[in-house]
Amino acid sequence: MNPTQALPSFNGLPGNIAPLPVASAPPAQAQGVFDALRNAQAIAGVVILELYRRKDFYVLFVLTALVTLVLGSVNFFGEAKVARYLKEVCLFLIWVSSLVIAITTTARQIPAERESRTLFPLLAKPVTRNQLLLGKFLGCWEAVGVALLVFYIFFGVISGTREHAWPLANYFQAATLHWGMLGIVVAMTLAGSVVFAAPSSTNTIVFVVTAGILLLGRHLNKVALQMNEPLQTVVYAVYFALPHLELFDVRDLIIHNWPPIPWLIWCGALGYALVYATIFLALACLLFRRKAVN
Amino acid sequence: MTPQLILGAGLVSAIALSAALEPWHQSWAGSRTGSANILQVALGDARKLFAKQFFVQADVYLHAGFYPSMFDNKTDDESPRVSALNGGSPPASDGEHQEHDDLPDFLGKPKDWIDAFGRSFFPTKHLHVGDKPAAEEHHEGDGHDHAEDDPSAEGDNGAAREILPWLRVSATLDPEQPQTYLVAAYWLRKQLNKPEEAERFLREGLQSNPGHEEILFELGAIAAEHRHDLERARNLWELALKNWHAHQAGQPETNLLSGAQILGRLAKLEEQQGRRDRALVHLRELVTISPSKAAIQQWITELEAKPSAGK
């Protein structure tokens, strides 16, 4: 996108910090997309650097490792090879930690930029609002991806040393599905951070929504079928509309050593994540475009 | 002056009340402060709820994650799901792994495309620890197909161990639940060949449930089958029978299965040792409570026809 085309969307900016028109000739469409991605990736790099510098990830990782190792040292009836309870606890901690990292990191991005007033020079680079949001999304998603990689390597090592088996395909599927689910959560949080005033309210609301979907999403249709009309239609509509984050939770398959999911189904799930992440990201862009940043 | 007087009167009342209540609280049976168990102090009776949850978790592991949630079709009472741990009945003394239908196809047919698609991401096939899920099985969603148990496989016996941590935690939270000890002991001695660990755990259970007839019966089974100490087994079973009689006396619901198991094993033991008269005593009592009266009666007839070799 030509940065100058984004000018009408800068209604909220004071006139003196509106982005300057690009001096060179208007780039071709491909060049525009390339520039947009480059801008977004530059912003994403800053977000990754931020996660790298903050202590959140380290604290959560150390806690996860500590709890897992302490539980792993417990002897149950002299059975040294008991592994599934340990996998269950470790995966639960990984899921909680990853959600905490994803939601809290994303929720503070826009409000922090606005509070520290770094948003104005950022938008004056010129970087469009859409590019800024895309960059923030990519940064948060890539950052939690890096965190997930570390978590799953730890999980694989712990699990492998106990069970003496390395089902790498299963772990790969679990990690990628988990990452795909976090893509939806990050996009949802980004949209929330544009709507809600403070990161704390975004955090709370997204946590409640995410936990609600993970716990009840799979069963909402059963609940709906037990209701009378018109409530049944309303609940069923909610069931179809909400992003089914629980689809990406394959912990039970990993814990109980079930075989990998068919790869076509796995691709379908990632496509589902992509669709919902795009919807939330588009919603965030739409909301941010209309929002006064000063 | 009035506020000071009111304050003074309130203070005196509070001190007087605390002086009166403190001795009562010290001797109150419901007080948590007397317990040395930190879980008892922290959770109170709520720990029993957690204990039950962990016991159910062991059952989830037994079925390799295939388990109904609170939203799925339920059976008509709560116990069958939990008792599925030991094949729908208390631990069978003869070690037979009973075929059971404890978890019917609670999923049913997919209700919509999300439901159908979502079944690829969690276990949807009824298996037990040791059954090997085939690569194409867990996403079929057609439910209830028992794979053949393969006890000779290394992984099979090993898989049974996975339920033990939850049973251990459950027993720690609620030591007064004898079923936890019985189930753990069953798997320890039958599947994992660890009678010593089973006996130790049962003795721990006996300390929390003094004289419990089913725990005594299981201890007797260990003595007979693993230690080959038949005298000890007889003593334990006779004590179990005595306690069973005592417990049944004032109970509105009788645990006939437990009594039948004790009497059956005692009768068999006495018959093996040639004590026909004592075996007949047990069998005549057994015939009154057993559902298979004809088989027991035939056993009695056969035994009566034999010449007595013992006392």
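Predicted model: local features only at pLDDT ≥ 70, side-chain atom pairs only at ≥ 80, totals over all residues.
Of the 311 residues in chain B, 35% are buried. As for how the chain folds back on itself, take the contacts in chain B with a separation of 6 or more: 52% of them are between residues 24 or more positions apart.

Next comes the place where chain B meets chain A. Here 29 residues come from chain B and 27 residues from chain A. On the chain B side, two elements each give two or more residues, namely helix H5 (113–118) and helix H7 (164–173).

Within chain A, helix H2 (residues 56–72) and helix H6 (residues 129–163) make a pair, their axes coming within 11 Å and crossing at roughly 10°. Angles under 35 degrees count as roughly parallel, and H2(A) and H6(A) are therefore roughly parallel to each other. From H2(A), the contact draws on Phe57(A), Phe61(A), Thr64(A), Ala65(A), Thr68(A) and Gly72(A). H6(A) answers with Ala147(A), Val150(A), Phe151(A), Phe154(A) and Ile158(A). Sorted by class, this contact between H2(A) and H6(A) has 8 nonpolar and 3 polar residues, with no charged ones.

Note on methods:
Residues numbered from 1 in each chain as written. Chains lettered and ligands numbered in written order. Axes fitted to C-alpha atoms, helices over the stretch in contact; angles between N-to-C directions. Helix = DSSP H or I, 4+ residues; strand = E, 2+ residues; numbered from the N terminus. Parallel < 35°, antiparallel > 145°, perpendicular 65-115°, else oblique. Contact = placed C-beta atoms within 7 Å. Nonpolar A, V, L, I, M, F, W, Y, C, P; charged D, E, K, R; others polar. Buried ≥ 20, exposed ≤ 12 C-beta atoms within 10 Å, placed from the backbone.
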